[in-house]
There are 2 protein chains.
Amino acid sequence: MKQPGPAWTAVPWKAVSIDDPFWTPHLRINREHTLPQIYRICQETGRIDALRLNWKPGMEPVLHIFWDSDVAKWLEAASYSLATPALEAHVDEVISLIVAAQQPDGYLNTYFTVVEPTKRWTNLRDWHELYCAGHLIEAAVAHFQATGKRVLLDALCRYADYIDTVFGTEPGKRRGYPGHEEIELALVKLYRVTGEKRYLQLSQYFVNERGRQPHYFDSEARQRGEDPADFHHKTHEYSQAHLPVREQDKVVGHAVRAMYLYSAMADLAHELHDQSLFDAEQRLWDHLCTTRLYITGGLGPSRHNEGFTADYDLPNESAYAETCAAIGFVFWNHRMLQLDCNARYADMLECALYNGVLSGVSLDGQTFFYENPLASPGTHHREPWFRVACCPPNIARLLASLGQYIYAVNERDLAVHLYMQSTAQLSVAGHEVTVRQETAYPWDGTITLRFDMDEPAMFGLRLRLPGWCQDARLTVNGEAFDLARHLEQGYVRVERVWQANERIELELAMPVERRYAHPNVRQDAGLVALQRGPLVYCLEGADQNVPLQRLVVPRTAELTSHFEPDILGGVTVIQGNALFEDDTGWAGRLYRSWPTSLQPGAITAIPYYAWDNRQAGEMRVWLRDGGS
Amino acid sequence: MKQPGPAWTAVPWKAVSIDDPFWTPHLRINREHTLPQIYRICQETGRIDALRLNWKPGMEPVLHIFWDSDVAKWLEAASYSLATPALEAHVDEVISLIVAAQQPDGYLNTYFTVVEPTKRWTNLRDWHELYCAGHLIEAAVAHFQATGKRVLLDALCRYADYIDTVFGTEPGKRRGYPGHEEIELALVKLYRVTGEKRYLQLSQYFVNERGRQPHYFDSEARQRGEDPADFHHKTHEYSQAHLPVREQDKVVGHAVRAMYLYSAMADLAHELHDQSLFDAEQRLWDHLCTTRLYITGGLGPSRHNEGFTADYDLPNESAYAETCAAIGFVFWNHRMLQLDCNARYADMLECALYNGVLSGVSLDGQTFFYENPLASPGTHHREPWFRVACCPPNIARLLASLGQYIYAVNERDLAVHLYMQSTAQLSVAGHEVTVRQETAYPWDGTITLRFDMDEPAMFGLRLRLPGWCQDARLTVNGEAFDLARHLEQGYVRVERVWQANERIELELAMPVERRYAHPNVRQDAGLVALQRGPLVYCLEGADQNVPLQRLVVPRTAELTSHFEPDILGGVTVIQGNALFEDDTGWAGRLYRSWPTSLQPGAITAIPYYAWDNRQAGEMRVWLRDGGS
């Protein structure tokens, strides 16, 4: 297995300012519409009042075990976004409620404080107690980073300190770990802002203990008087607790849980230089990316376990592909990049971000997909909220912290993972540098970078050459740079003494590409997908004259693209000649002995992320491939 | 709308003896293995002991509301099959138990006698009280026809008499009707054997009352203190009770319920010369056959309502296509044929029988499909029994009474609907005639008919020219008969004075045919099915070298057939050249920008009914169609 290279540090969200033609409208809508809406719904549904701890048996609504996490994710997102006094007032109010809800021993969970006070820590397998703690910790870290205020951070440190007294291998402690992973990655964040090693060790304990025999979830079930075999999901693969994590080599079970676990494993491998964890991560990542990942970066095809099924089983209409799972895949890839600056991780991060994540929210920021299928007969639509409401605040916090995914530094190099018009303040090789990136990505593949610094600075610049790009050119101050001789794991590396305002220009050719799936993917057999740059495209009924399955895209058909400013907030569409099946001779018949004839026609495809933003109708990503 | 022609009468099962190379093995296995197995499981699961009425609260197992129907269907099937003393002893024992279980007022239902004695007739919408009554009536009619013994028939007449005092439009009666249709067609059978008009009128009442406003199921729910809007299935379409039956023009809801209702409507249209019912039937039949029917004669694609979804929505892997629904479709078509001797009904009866029904039982008669998908990744297998066990005894009774579907007579003509080697005793145009049919159908399309009678007899002979057949020839005593000039609704009609032992020979060309689905069926787009004669074919993993989705059948590929005596009890297989996708260059990739290459290969297809009788593996009916 590959050894990790020198560790990288992501340039944090606070040091990066995004001013991008593509992303800025989404981020503004997230801040101005999505966040206030989530707050309002948290109010209306009782999630915020729940923090007052005045629920009594018989009252409606009854708190739910994951409500704390919904508020926490909103709080995290709002903390990244603090810009208006109104938002700040809500944030401060919620923080006061959270702090006041903390119990004398440091415990902090509304459900198990007021609804089931005798059940604390009795069902880690099924309930979301440590998961909620993790989200509160992430919110506290974000609020501290945003404001420098310690009140929430201190409260969550006290909670983490308390949890540390409850769980561990020492005599008298419970040898448990969460059914829904999340606290593991949160504790690493808490360690990074506080420097408190115990938090890192507690995360390490949770990850190491997972899947060991005798199995904690089974003994815990017996302690509740239950038969462990009665577990609803039958197998501990559901929560990746079927084996110790270093022995796992297949992505299984609930997809969000898997992504959060793998993210924490990457964090720990990074902090602890743990080669065995990194080895397991590479096996799991390879397995996912070669057998179980949708072309959109979506993952977890099944509704039943909200997760993985079998290799190459990627149904399109029934794809679950939860928004949170694609978000978790972004988290994981981001952490892998900090271990290993390999473009394959950034390619997957980009793929998920621009497709399977961004599809999760409408263009107006008001409605959300929980599931992100790759085809729809016209019955799948975004909704303002869900009873299980993990996705809306999750996408809100990802968008609000988007800046952190663009740049990373190590002691010698600056890496640019994503192309997004932005300015970053960072320190590389001992120099304080301002990086300015200009681009109209993903519509256009030209990226210009300039540095600003007090004095010339020697460092390496790594620019990702996306896996989708077949033809890239780089100039430095107008002079061609030989890419092929300076490639490192999918990045072109330019090391030199940089002067202020030198112009680095990368041109990524962005033609329309046809994409094919592995022949073992039975659901995509005979089909082709269209992609341009990082964007996967789809057909929507609104742009076509016939039902989508009647359209065939010949291999010889030229496919062109152009920007349409007036639809879907402005998108580049793909157009081309196609054939369509007519219905001559089909009246009164459902089956017949001669094939349907094909007529010349045309298609217009839109980016997948933008579907279901117009009148309701059909959609499909995988189109009929017109012959060899 | 078409007027019904002169009414036809099916030649009953008792008058027909099947001695057919294809069917006789299935019928023997049904009699010798399936029926004893169902009896044994009914014993083991408590279904037969339930008839002793000694269940008390707290005892296990608790009776279930549809147990009576399982025993009744077994009893009906066993009655058709009475041949061995052992079977007869079981039949007599069960009949004694049923008769002893009848209450003084005539009521006869184990569940509502011992488990919920206060709930009689309180939930017709959800419970199966009248449904169970219907199956008991059908069993009683079958046993009476088989043996001439009246004991069970008399008991069920008393039950029907009692039901007639409970339901109806007269003051003091309940204006209810069953949530699960069945008793309607059973009452017509009871009327036909007893001549008691009240049974026909009760059936007519149930059918006419269905779907009227104010809605009985809603008022009944209110009487139970429930909100009618809380109905689990949301809409009375579920039980075809959303509209009065004569206003219905779309097949909706639970597929078995629909088939049983439509069967009863045909019976009533026949008995009562009711044109408005016949009109509704033709609309419903057209809607089903042009928009919602699988090529196998299976129907009802959705597991959620065990029934219909939207026009042209015919998913293959997730097809529910319950065995009982295809059986019900046989029942309905058989009844339509008695109203209108139109080959379209016999074609559909044949299609369902040879494909979607016969697939429901394994070749050894020991395991059953509840669901009959048209594709499987290898995970769908027959089972010996189901918790809801309607299918096994249903297919057993259909096979045991198969003789009744072959021939029909009216006052002038004899019609041959199905081709099956058999002998029938019948009366046509005042003559007693023995019909002998010889054939190796469905493997071979040659059918020879001879009549035996005391004296020459003038009548019309109608022979169905199957819709799948493009080339038919008929000779009478070796002389060619001009088919085209004597076609009536898909039947060739030969009217003459027949002599004993004249030889009528029909030759139906039976090449391999490619079949295509309507271009609105998105799940079959770009795909082709193979058929030969009435049999739909499929690929099974056992016969192929690569995963099935990798195989492409070029339109130019010659497809041949030959009989294989040594597999699957002897079947004609289809073989031909095909192309298959190799996996060159796919290692480590899930998606790529260039298509998979095709190599020359071959396919072997087997009849759909015979799948899942060897090692477990993939199956698909719809194959990739290799280009135009």
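This is a predicted model: local features need pLDDT of at least 70, side-chain atom pairs count only at pLDDT 80 or more; totals for chains, interfaces and linings use all residues.
Colleague: What relation holds between chain A and chain B?

Modeller: Chain A can be laid on chain B with an RMSD of 0.0 Å.

Colleague: Which C-alpha of chain A is nearest the axis?

Modeller: In chain A, the nearest C-alpha lies 3.0 Å from the axis, and its residue is A:Gly627.

Colleague: Let's turn to domains 2 and 4 of chain A. How much area do they bury between them?

Modeller: Domain 2 spans 244–376 and domain 4 spans 512–625. In their contact, 21 residues of domain 2 meet 25 residues of domain 4. Carbon and sulfur atoms carry 61% of the buried area, which comes to about 2,000 Å².

Colleague: Which three residues supply more than any other three of the area that domain 2 of chain A buries against domain 4 of chain A?

Modeller: Together they supply 31% of the area on the domain 2 side. The three are A:Ile295, A:Tyr312 and A:Leu363.

Colleague: How far apart are the closest N and O atoms in the salt bridge of A:Arg522 with A:Asp313?

Modeller: The interface of domain 2 and domain 4 of chain A has 1 salt bridge by the rule, which asks for a nitrogen within 4 Å of a carboxyl oxygen. For A:Arg522 and A:Asp313, the closest N and O atoms are apart by 3.3 Å.

Technical notes: Residues are numbered from 1 along each chain as its sequence is written. Chains are lettered from A and ligands numbered from 1 in the order in which they are written. Side-chain values use heavy atoms; hydrogens and water are left out. Copies are superposed by least squares on the C-alpha atoms of residues with pLDDT of at least 70 in both. Domain bounds come from an automatic or database domain assignment. Contact means heavy atoms within 4.5 Å. Buried area is the accessible area (1.4 Å probe) that two parts lose on being put together, summed over both. A salt bridge is a side-chain nitrogen of Lys or Arg within 4 Å of a carboxyl oxygen of Asp or Glu.
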